[in-house]
Amino acid sequence: MRKPNTTFILLVGVANAKHFTRCELARTLQAAGMDGYFKRNTASSYNSQTTTRNSDGSTSYGIFQINNRRWCSSDQVPSYNSCRISCSQLLTDDITADIECAKTIANQQSILFWPGWQANCQARELGQYIAGCEL
């Protein structure tokens, strides 16, 4: 069987990436039922195309910076793929896969899983992220 062209798949993901406004993301997450999962902001710069190369060789993907070592699959590192998705699904303007994976992570490990939340949000008042959004 012929292997799919990974370059093409990645380019499609980039072409469909979305940079959310703060309030647009807050409304999208609320509509998806995420306000019950997270009382704090876990998103990274509101950009669905965000990737971060980590010091351990893994990569974190998408608006929630979901790591490929545990939660999604890529050809980069061995993964448990606990969310049962390809990491490329986390890089599109449709953040449904991101939300479902984030719910899986929250149910399995809680919000404390996200290093970005620990560094920027833990024990801080974060009402600024939804202020003026008319939620």
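## A three-stranded sheet in a predicted model

Three strands make up an open sheet, ordered E1-E2-E3, with antiparallel pairing (two strands pair if DSSP finds at least two bridges between them). Strand E1 (51-53) and strand E3 (66-67) sit at the edges with a single partner strand each, so one side of each has no neighbour in the sheet. Keep in mind that this is a predicted model, where local features need pLDDT of at least 70 and side-chain atom pairs count only at pLDDT 80 or more, while totals for chains, interfaces and linings use all residues. Residues are numbered from 1 along each chain as its sequence is written, and side-chain values use heavy atoms, leaving out hydrogens and water.

**Sheet details**
- Helices (H or I, at least four residues) and strands (E, at least two) are DSSP runs, numbered from the N terminus.
- E2 and E3 pair in the antiparallel sense over two bridges.
- Ser60 faces Asn67 in E3.

**Around Thr50**
- Thr50 belongs to the loop between helix H2 (22-31) and E1.
- With a relative accessible area of 15%, Thr50 is buried (under 20%; exposed is over 50%, partly exposed in between, with a 1.4 Å probe and protein chains only).
- Thr50's side chain reaches the backbone oxygen of Asn47 at 3.0 Å.

- The chain's average pLDDT (the predictor's confidence in each residue, from 0 to 100) is 76, and 76% of the residues score at least 70.
- Confidence is lowest in helix H1 (residues 6-15), with a mean of 37, and highest in strand E2 (residues 59-61), at 92.
- Residues 1-15 have pLDDT below 50, and beyond near neighbours in sequence this stretch has seven contacts in the model (heavy atoms within 4.5 Å).
- Residues 37-41 are also below 50, with 18 contacts beyond near neighbours in sequence.

Technical notes
A polar contact is a pair of N or O atoms within 3.5 Å; within protein, one must be able to donate a hydrogen and the other to accept it, and residues adjacent in sequence count only if both atoms are side-chain atoms.
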